[in-house]
Protein chains: 2
Amino acid sequence: LEALRLWAVVEYDGTDFAGFQVQARERTVQGEIEHALEAVTGHSTRIAGAGRTDSGVHASGQVISFSAPWRHGIPVLQRALNAVLAADVAIVEIGPARGTFHPRYSATSRTYRYTIWNQEWRSPLWRRTAWHVKTPLDMEHMAQASRYLIGTHDFATFGRPPEGREDAVRTVLGAGWSARDRVLTFEIEANAFLYRMVRSVVGTLVLVGQGRLPAVEVAEMLRARDRSQVRQVAPAVGLCLTKVSYPVSEGVMQ
Amino acid sequence: LEALRLWAVVEYDGTDFAGFQVQARERTVQGEIEHALEAVTGHSTRIAGAGRTDSGVHASGQVISFSAPWRHGIPVLQRALNAVLAADVAIVEIGPARGTFHPRYSATSRTYRYTIWNQEWRSPLWRRTAWHVKTPLDMEHMAQASRYLIGTHDFATFGRPPEGREDAVRTVLGAGWSARDRVLTFEIEANAFLYRMVRSVVGTLVLVGQGRLPAVEVAEMLRARDRSQVRQVAPAVGLCLTKVSYPVSEGVMQ
C-alpha cells in the first residue's frame with residue numbers, strides 16, 4: 001500500500017495543550033494528531049508543522065504535512081481523524097501535497113492575531129482566548145508604534161532565532177490594531193517570526209498604550225538589538241496562529 | 001447597618017452551569033452569586049435576575065438586583081465579589097438601584113444573540129459558544145423568514161408563556177442575521193420572550209436556510225399558534241443574553 005503525502009490545516013484551542021511540539025508525558029497537538037493517525041491508519045506516523053506554538057497558544061490556521069498509507073480517499077481520512085481527535089483540536093482542511101512540500105520551509109508568510117480584553121473587569125466569555133488588560137489603552141499611540149515594525153529589520157530585541165542560528169532579520173508585511181467594543185485585536189504578518197516575537201511585541205505595545213513607553217521608543221528598541229529591553233511579554237492566552245501562506249503552486253487552500 | 005439596594009450586570013460562560021436559577025445540588029449562576037454575596041458580606045442574600053437562562057446558555061448582559069448590608073463602597077463590593085466568583089462568572093457593572101427597580105419587571109426589552117459555526121468540520125475554538133451546523137445555509141432565505149417575526153404577534157408556536165399565564169403575545173423589535181467568514185450571528189430584540197422562544201425560532205430558521213422549509217412557511221407557523229409545528233429547537237450552546245434594557249430613569253448602565 002503506497003503512502004499518501006498530505007497537507008492539512010489544523011485548528012486548536014491551546015488552553016489544555018503543552019504546546020504544538022511532541023514531548024514525553026505532556027499532551028501536545030502534534031502528539032494528539034500522531035496518535036489519531038496511528039489509530040486510524042494503523043501505522044505510526046510523524047507529522048511536521050509550520051509553527052511550534054507555545055503552551056496555551058491557539059491556532060485556527062496551523063499547517064501540517066505527513067505521509068500515511070491510506071486507500072479510502074482523503075475526505076474519509078479527515079472524517080475519521082476528526083472522529084478520533086478530542087474536541088479541542090480538529091483537521092479543518094486537507095489535501096494532497098507535492099513531494100517537496102514542507103509546512104515550515106515552503107511557507108512564504110505567517111499571520112498571528114493577538115486578542116486583548118480591555119476592561120477593568122475580567123470577562124468569563126473571553127477568558128480562554130484573550131489577555132485581560134485592566135487599564136485603558138490609547139489605540140492611536142499603539143497604532144503609531146506598530147508602524148515602526150513594518151518592513152525588513154533585525155528583530156533581535158523582540159525574539160530569539162531558532163536553535164543554532166544567528167540571523168534575526170525578518171520582514172513584517174503588515175501590523176495593525178482594530179477594536180470592537182472592549183475587544184482589541186492585533187494582527188501581524190511576517191515572512192517568519194522569532195521565538196516569542198509576537199508576545200514581546202504585544203507586551204511592548206501595551207506599555208505604549210498605557211502611556212508607560214513613548215511610541216517612538218519602539219523604534220529605538222528595535223535599533224538596539226538587545227532582548228533585555230523588552231520589559232513585558234504578553235501571555236500565551238491571547239495568541240492565535242491564524243494563517244500560513246504558500247506559493248499558489250503548492251495548492252494549500254485555507 | 002442599613003442594606004444597600006443594587007443592580008448589577010453579570011457575564012457568564014454557561015457551559016458548566018445548570019442554568020441561571022438556583023436549584024438544589026446543581027451549580028447555577030444564581031447559586032454562585034448568592035454564595036459569593038454571603039462570603040463577602042456575611043449575610044445570606046437572595047438575588048433576582050432579568051432572565052432565567054437555561055442550562056448551557058451564556059450571558060454577557062444578564063441583570064440582577066439584590067439588597068445587602070455593606071459599608072465599604074460599591075467598587076469594593078464588585079472587586080470582592082469578582083475575587084470570590086469562579087472564572088466563568090463575573091460582575092461587569094454595578095450601581096445603586098431605586099427601591100422600585102426589579103430586573104425582570106422593570107425591563108423594557110431583552111436582546112439575545114445566537115451564534116452558528118457553519119462549516120462541514122467542527123471548530124475547536126467555537127465549540128463552547130456556537131452551534132455547529134454542517135450544511136450550507138442560505139442567508140437570504142433566513143433573513144426573509146426572520147422579517148415575519150418582527151412586530152406584535154402571538155408567538156405561541158415558538159414558546160411557552162411563564163407558569164400560570166396564558167398570554168403569548170410579544171413584540172419583536174428587531175431580528176436579523178449577519179455573517180463573518182463561517183460564523184453566522186442572529187440578533188433578536190423583543191419586549192419579552194417566551195420559554196425556548198429564541199432557540200425554537202433559530203431551529204426553524206436553520207431549516208429555512210437548509211431549504212427544508214420555505215421562508216413563507218414561518219409566517220404560516222406563526223399564525224397557527226401551535227407548538228407542535230416546531231420541528232427543530234437549536235441547542236443551548238449558541239445562545240447568549242446580551243442586553244436587558246430599562247427606562248433611562250432606572251440608571252442601569254451597560
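Predicted model: local features only at pLDDT ≥ 70, side-chain atom pairs only at ≥ 80, totals over all residues.
Over all chains, the count of aromatic pairs comes to 12. In the pair formed by Tyr114(B) and Trp131(B), the ring centres are 6.3 Å apart and the planes stand at 90 degrees, so the arrangement is edge-to-face. In chain A, one aromatic cluster is formed by Tyr12(A), Phe17(A) and Phe20(A).

Helix packing was examined in chain B. Helix 3 (residues 139–147) of chain B packs against helix 4 (residues 197–209) of chain B at an angle of about 140 degrees, and the two axes are 8 Å apart. Helix 3 of chain B and helix 4 of chain B are therefore oblique to each other. The crossing of helix 3 of chain B past helix 4 of chain B is right-handed. Helix 3 of chain B contributes His141(B), Met142(B), Ala145(B) and Ser146(B) to the contact, while helix 4 of chain B contributes Leu205(B), Val206(B), Val208(B) and Gly209(B). Classified by residue type, this contact of helix 3 of chain B with helix 4 of chain B comprises 5 nonpolar and 3 polar residues, with no charged residues.

Two individual positions were also considered. Val133(A) is situated in the loop between strand 6 (131–132) and helix 3 (139–147) of chain A. With a relative accessible area of 3%, Val133(A) is buried. The C-alpha atom of Val133(A) is separated by 5.0 Å from that of Asn118(A), although the two residues are 15 residues apart along the chain. When residues up to four places away in sequence are not counted, Val133(A) touches Ile116(A), Trp117(A), Asn118(A), Gln119(A), Val206(A) and Gln210(A).

In chain B, Ala190(B) is part of strand 9 (residues 183–190) of chain B. Ala190(B) is likewise buried, its relative accessible area being 0%. Between Ala190(B) and Thr204(B), which are 14 residues apart in sequence, the C-alpha to C-alpha separation is 18 Å. Apart from neighbours within four places in sequence, the residues in contact with Ala190(B) are Ser109(B), Arg110(B), Thr171(B), Val172(B) and Leu173(B).

Terms used
Residues numbered from 1 in each chain as written. Chains lettered and ligands numbered in written order. Heavy atoms only, no water. Phe/Tyr/Trp six-rings, centres within 6.5 Å; stacked < 30°, edge-to-face > 60°. Axes fitted to C-alpha atoms, helices over the stretch in contact; angles between N-to-C directions. Helix = DSSP H or I, 4+ residues; strand = E, 2+ residues; numbered from the N terminus. Parallel < 35°, antiparallel > 145°, perpendicular 65-115°, else oblique. Left-handed = near helix turned anticlockwise from the far one by under 90°. Contact = heavy atoms within 4.5 Å. Nonpolar A, V, L, I, M, F, W, Y, C, P; charged D, E, K, R; others polar. Buried < 20%, exposed > 50% of the residue type's maximum accessible area, 1.4 Å probe, protein only.
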